[in-house]
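Hello,

Please find the structure below. My notes on it follow.

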Amino acid sequence: MGVYLLDYGAGNVRSLVNAVNKLGYEIKHVESPQDLLKAEKLIFPGVGAFGAAMVRLHTTGYDKALKEYIESGRPFMGICVGMQCLFEGSDESPNVKGLGLIPSTVKKFNPATKSVPHMGWNSAALAQPNSGLAELNHDGDEDTRYYFVHSFAVPASKAIQDWTFSTTTYGDETFVSAVRKGNVFATQFHPEKSGWAGLKVLRSFLSYNPQGNGLANSTQPHADASSIIPKDHLTRRIIACLDVRANDKGDLVVTKGDQYDVRERATEGADVRNLGKPVELARRYFEQGADEITFLNITAFRDIPLHDLPMLEVLKRTSESVFVPLTIGGGIRDLTNPDGTVIPALQVAGEYFRSGADKVSIGSDAVYAAEQYYASGRQLTGQTAIEQIARVYGAQAVVISVDPRRVYVDSPQDAPTHHVIPTKFPGPNGEQYCWYQCTVKGGREGRDLDVYQLVTACEALGAGEVLLNCMDKDGTNSGYDLELVADVKRAVKIPVIASSGAGCVEHFGEVFNQTGVEAALAAGIFHREEVPIEQVKSYLKKEGFDVRGMGT
Ligand code: 1PR
């Protein structure tokens with residue numbers, strides 16, 4: 001059977017290809033509009049901006065071919081921006097027309113009432129009965145959540161009731177999370193990133209036996225589909241983090257430091273701690289229910305030629321069997337090859353996306369970009385890695401990894417240029433205040449920039465999420481730095497991942513309760529198998545938090 005993939009080169013389609021392969025189907029890449037004539041089934045994934053996707057379709061002639069394909073009655077599946085393109089247009093790119101198949105417009109979520117992007121696992125309430133082409137699990141099934149990552153969505157409305165296959169609520173807004181009519185099925189969420197539940201959705205499309213009567217073949221929506229407002233089921237995310245580096249024998253290992261020192265004993269020359277192999281551990285965490293996996297290449301501040309990036313292979317192999325979002329950090333910046341050629345950060349990130357990453361995480365380079373931002377009087381130059389990667393791959397694909405450490409002061413006047421907060425945990429000399437200093441190169445160098453300055457600058461530059469480590473807490477098992485986390489959460493509208501210090505299940509409850517963060521990350525307790533991910537989730541569930549189960 002000819003399952004074709006229409007890829008306009010804007011991101012990670014490797015995971016989708018891997019998911020389709022995992023289900024026992026081969027996928028062919030569309031290389032010209034003529035290929036669409038041969039396709040028996042077509043998947044159109046989308047990442048990045050609506051405007052970029054549509055302009056690409058218009059200039060390459062795919063828009064016309066795509067419409068003809070859909071009108072022919074052959075099965076079509078759109079994903080994320082691939083769904084949004086079916087509409088008339090989007091607020092994201094007001095001057096660019098969509099395919100106009102569905103009479104409505106894509107709107108931006110209101111950031112005044114919630115974090116934007118909508119990022120994470122949420123449910124999808126059926127507005128039409130399930131049918132061969134498209135099958136979702138029903139809303140309310142506690143194990144069924146799908147992975148969403150988007151800032152724009154189509155509001156649910158009566159006008160498009162006949163298209164609305166499912167709706168989802170995020171905060172105060174209910175939007176169309178899947179459309180279906182005749183041979184057309186499209187999801188706002190990413191089935192290829194939605195674990196077992198997502199694979200089931202893909203399987204329904206791949207195994208569907210078309211009857212061939214196109215758009216006319218439509219099922220009836222539930223009588224009052226647009227008036228159904230499902231509950232917001234966005235879950236708190238639990239992220240497993242793998243710090244990766246070469247050990248002294250040159251093998252790539254997962255390691256874990258205490259306050260960033262990854263040697264067995266805190267002495268020079270001791271071995272790097274070896275807690276396992278990256279691909280195997282990632283697979284184990286996926287199977288245990290991790291909602292995301294983050295890899296940090298912790299020695300990437302050293303110059304590595306592009307073709308030697310060891311994490312590319314790790315990502316390629318991981319994405320064959322791990323169907324949740326993958327983030328890669330470490331070395332996302334301009335690289336210099338041995339012959340002196342500079343590889344721009346955008347190209348480095350592109351290599352990672354093509355190898356299976358969904359997000360890149362920027363550490364040191366984000367600090368330098370924020371410093372430049374303030375030095376230039378808060379100018380957006382469009383030249384930083386954050387701006388460039390966000391423009392091409394979307395803000396949701398750009399995470400800022402922050403490595404701060406506490407600096408104690410007696411009073412705010414002692415650090416007049418910094419964001420000083422009172423602390424309940426006084427410093428060694430009884431200091432009642434502190435600020436958080438940003439570091440670069442894996443904590444090796446402190447800068448004259450505080451975390452508040454960093455995260456607000458990076459949000460202005462277009463980052464989509466903050467991964468907030470804390471050097472004082474890393475590896476201590478003593479709980480997250482709640483004062484730091486709460487302060488950062490208040491400072492930005494983009495989602496925040498709390499990291500460093502998790503030692504028991506209660507620490508996760510505490511950080512969600514007291515700071516409102518969207519996600520919590522841990523490393524050591526998972527690697528040492530002290531607290532399995534399932535245990536964290538069952539505790540959170542018992543405490544009344546929405547969490548994703550294993551899915552079926
Ligand atoms: O500066 O863009 O090349 O990125 C380097 C990346 O590598 C940054 O994301 C930085 O956080 C990370 N990194 C560099 N050195 C280390 C180190 O440990 N020596 N790891 C390091 C940071 C911290 C967390 C850790 C949590 C949870 N590791 O990611 O996983 O603290 O740990 P815990 O649950 O065991 O407490 P660039």
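Asp403 sits in the loop between β21 (398-402) and β22 (404-409). Strands and helices here are DSSP runs, numbered from the N terminus: E of at least two residues for strands, H or I of at least four for helices. Asp403 counts as buried because it has 27 C-beta neighbours inside 10 Å. The cut-offs, with C-beta atoms placed from the backbone: buried means 20 or more other C-beta atoms within 10 Å of a residue's own, exposed means 12 or fewer, and partly exposed is in between. Asp403 touches Gly363, Thr439, Gly442, Gly443, Asn469 and Met471, leaving out residues up to four places away in sequence. Contact means that two C-beta atoms, placed from the backbone, lie within 7 Å.

Two points before you read on. This is a predicted model: local features need pLDDT of at least 70, side-chain atom pairs count only at pLDDT 80 or more, and totals for chains, interfaces and linings use all residues. Residues are numbered from 1 along each chain as its sequence is written.

Next, the annotation. An unreviewed UniProt entry places the feature "active site" at Cys80, His190, Glu192, Asp243 and Asp403. UniProt positions are given in the numbering used here, feature names are shortened, and annotations may be inferred rather than shown by experiment. The annotated residues span 324 residues in sequence, and the farthest two C-alpha atoms are 32.0 Å apart, so they do not all gather at one spot.

Asp243 is in strand β14. Asp243 is buried, because 27 other C-beta atoms lie within 10 Å. Setting aside neighbours within four places in sequence, Asp243 contacts Val254, Thr255, Lys256, Leu296, Ile298 and Ala523.

Now the ligand. It is surrounded by 33 residues, and the closest are Gly363, Ser364, Ser401, Gly442 and Gly524. A residue is near a molecule if its C-beta atom, placed from the backbone, lies within 6 Å of it. The shell divides into 12 nonpolar, 16 polar and 5 charged residues. Nonpolar covers Ala, Val, Leu, Ile, Met, Phe, Trp, Tyr, Cys and Pro; charged covers Asp, Glu, Lys and Arg; the others, Gly among them, are polar. β14 (237-246), β20 (359-362) and α10 (364-375) each supply at least two residues of that shell.

Then the sheet. It is open, has 8 strands, and runs β2-β1-β3-β4-β13-β12-β11-β8 with mixed pairing. Two strands pair if DSSP finds at least two bridges between them. The edges are β2 (28-29) and β8 (125-126), each pairing on one side only.

Look at β3 (residues 41-46) within it. All 6 of its 6 residues are buried. That holds on both faces: Lys41, Ile43 and Pro45 on one side, Leu42, Phe44 and Gly46 on the other. β3 pairs in the parallel sense with β1 (residues 3-5) over 3 bridges. Leu5 stands opposite Ile43 there. β3 also runs parallel to β4 (residues 76-80), joined by 5 bridges. Gly46 has Cys80 as its bridge partner in β4, and Cys80 is one of the positions UniProt lists under "active site".

By contrast, β12 (residues 173-181) and β13 (residues 184-187) run antiparallel, with 4 bridges. Lys181 is partnered with Val184 in β13.

One last item is Gly100, in the loop between β5 (87-90) and β6 (102-108). Gly100 is partly exposed, because 13 other C-beta atoms lie within 10 Å.

Best wishes
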